[in-house]
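Subject: Structure for your review

Dear colleague,

Please find the structure below, as a handover for your own work. My notes on it follow directly after.

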Amino acid sequence: MQKNHDIQIPGSIPRHVVIIMDGNGRWARRKNLDRLIGHREGIKSARSVVRTAREIGIEYITLYTFSAQNWKRPGKEVLALMDLLRHYLSNEGEKLLAQNTRLNAIGALSNLPRDIRKLLDHVMKMTEKCNSLTITLALSYGGREEIINAVNGIIAEGKQTPVTENEFEEYLYTSRLPEPDLLIRTGGEMRLSNFLLWQLAYAEIYVTKTLWPNFRRRHLLKAIDNYRNRERRFGLTGEQIRKQGH
């Protein structure tokens, strides 16, 4: 497999890319189509992005698929989104396995319909030994909810000593994932929308006005090139970074 194809700018490829896939509804509205068609088109974008990520050497990609707040959407839309998820999980398992791609999921997964949770568990088990790329679907996920869940987990264990950052992270949904290097948000909105509030502390942020159903390979490559031109500081000054380099 050819790595880093179409990447010209020097610099490291981000190990972990997370994406807020925004704009499905706006895309459909501008075309006078049902919102569900926008969501269906968004699946094509997800497939394109995953394929490209695997080709250029990204190891982890996390997709904000369904938020905890999305349950408050009209019932008809929620049912349609669950049907899309059900269809995806029913049809992608063998493809992911053939591509040596692991499926993972984070969020309040117990809130998902029982049959979807069963399908999800099946695909995750099927692909658990795949190691070319890990796709994480954030489902019924909320950043604040995740932090509260972690705090309650610590309380339940009766811990009496101060909690370190490393210890706290063990209680997060993402405890087995590396910290995100790059956040991509489509649709032009400049907010986190309750996504990975702890984990994104030092991630680079890239916002594009491109709506998610239009986001394809070239858009991901542009975001990666932008990332590779940046100097990651992690709260340090440029002088401190240069000293560390020596």
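Asn 131 is located in the loop between α4 (114-126) and β4 (133-141); helices here are DSSP runs of H or I with at least four residues, strands are runs of E with at least two, and both are numbered from the N terminus. With a relative accessibility of 65%, Asn 131 counts as exposed. On this scale, buried means under 20% relative accessible area, exposed means over 50%, and partly exposed lies in between, computed with a 1.4 Å probe on protein chains only. Between Asn 131 and Leu 221 there are 90 residues in sequence and 22 Å in space, taken C-alpha to C-alpha.

Please note that this is a predicted model, in which local features need pLDDT of at least 70 and side-chain atom pairs count only at pLDDT 80 or more, while totals for chains, interfaces and linings use all residues. Residues are numbered from 1 along each chain as its sequence is written, and side-chain values use heavy atoms, with hydrogens and water left out.

Val 49 belongs to helix α2 and is buried, its relative accessible area being 1%. Leaving aside residues up to four places away in sequence, Val 49 touches Ile 19, Ile 61, Trp 212, Phe 215 and Leu 220, where contact means heavy atoms within 4.5 Å. Phe 215 stands 166 residues from Val 49 along the chain, yet their C-alpha atoms are separated by 8.1 Å.

The axes of α2 and α7 (residues 217-228) come within 9 Å and cross at roughly 50 degrees. Axes are lines fitted to C-alpha atoms, for helices over the stretch in contact, and the angles run from 0 to 180 degrees between N-to-C directions. The two helices α2 and α7 are therefore oblique to each other; angles under 35 degrees count as roughly parallel, over 145 as roughly antiparallel, 65 to 115 as roughly perpendicular, and the rest as oblique. The crossing of α2 with α7 is right-handed, a term used if the near helix is turned clockwise from the far one by less than a right angle, with left-handed used if anticlockwise. From α2, the contact is made by Ser 48, Val 49, Thr 52, Ala 53, Glu 55 and Ile 56, and from α7 by Arg 217, Leu 220, Leu 221 and Ile 224. Sorted by class, this contact of α2 with α7 has six nonpolar, two polar and two charged residues. Ala, Val, Leu, Ile, Met, Phe, Trp, Tyr, Cys and Pro count as nonpolar, Asp, Glu, Lys and Arg as charged, and the others, Gly among them, as polar.

Helix α2 also meets helix α3 (residues 75-98), their axes coming within 10 Å and crossing at roughly 30 degrees. That angle makes α2 roughly parallel to α3, and their crossing is right-handed. Residues in this contact include Leu 36, His 39 and Ile 43 of α2, and Ala 80, Leu 81 and Leu 84 of α3. By class, the contact of α2 with α3 has five nonpolar, one polar and five charged residues.

Salt bridges

Side chains of opposite charge can pair when their charged atoms come close. Across the whole structure, a search finds 17 salt bridges, each defined as a side-chain nitrogen of Lys or Arg within 4 Å of a carboxyl oxygen of Asp or Glu.

One of them joins Arg 15 and Glu 59, with the closest N and O atoms 3.2 Å apart. Arg 15 lies in the segment before β1 (16-20) and Glu 59 in the loop between α2 (35-56) and β2 (60-67), so this pair ties together parts that are 44 residues apart in sequence. Arg 15 is partly exposed at 39% relative accessible area, and Glu 59 is partly exposed at 37%.

Arg 26 forms a salt bridge with Asp 22, again with closest N and O atoms 3.2 Å apart, and both Arg 26 and Asp 22 are buried. A network of salt bridges links Asp 22, Arg 26 and Arg 185.

Glu 189 and Arg 191 also meet in a salt bridge, at 3.1 Å from N to O. Glu 189 is partly exposed at 26% relative accessibility, and Arg 191 is partly exposed at 48%.

The loop between β5 and β6

Ser 193 sits in the loop between β5 (182-185) and β6 (204-207). Its phi is near 55 degrees, a positive value in a residue other than glycine, and Ser 193 is partly exposed, with 29% relative accessible area. Asn 194, in the loop between β5 and β6, has a positive phi near 65 degrees and counts as buried at 16% relative accessibility.

Yours sincerely
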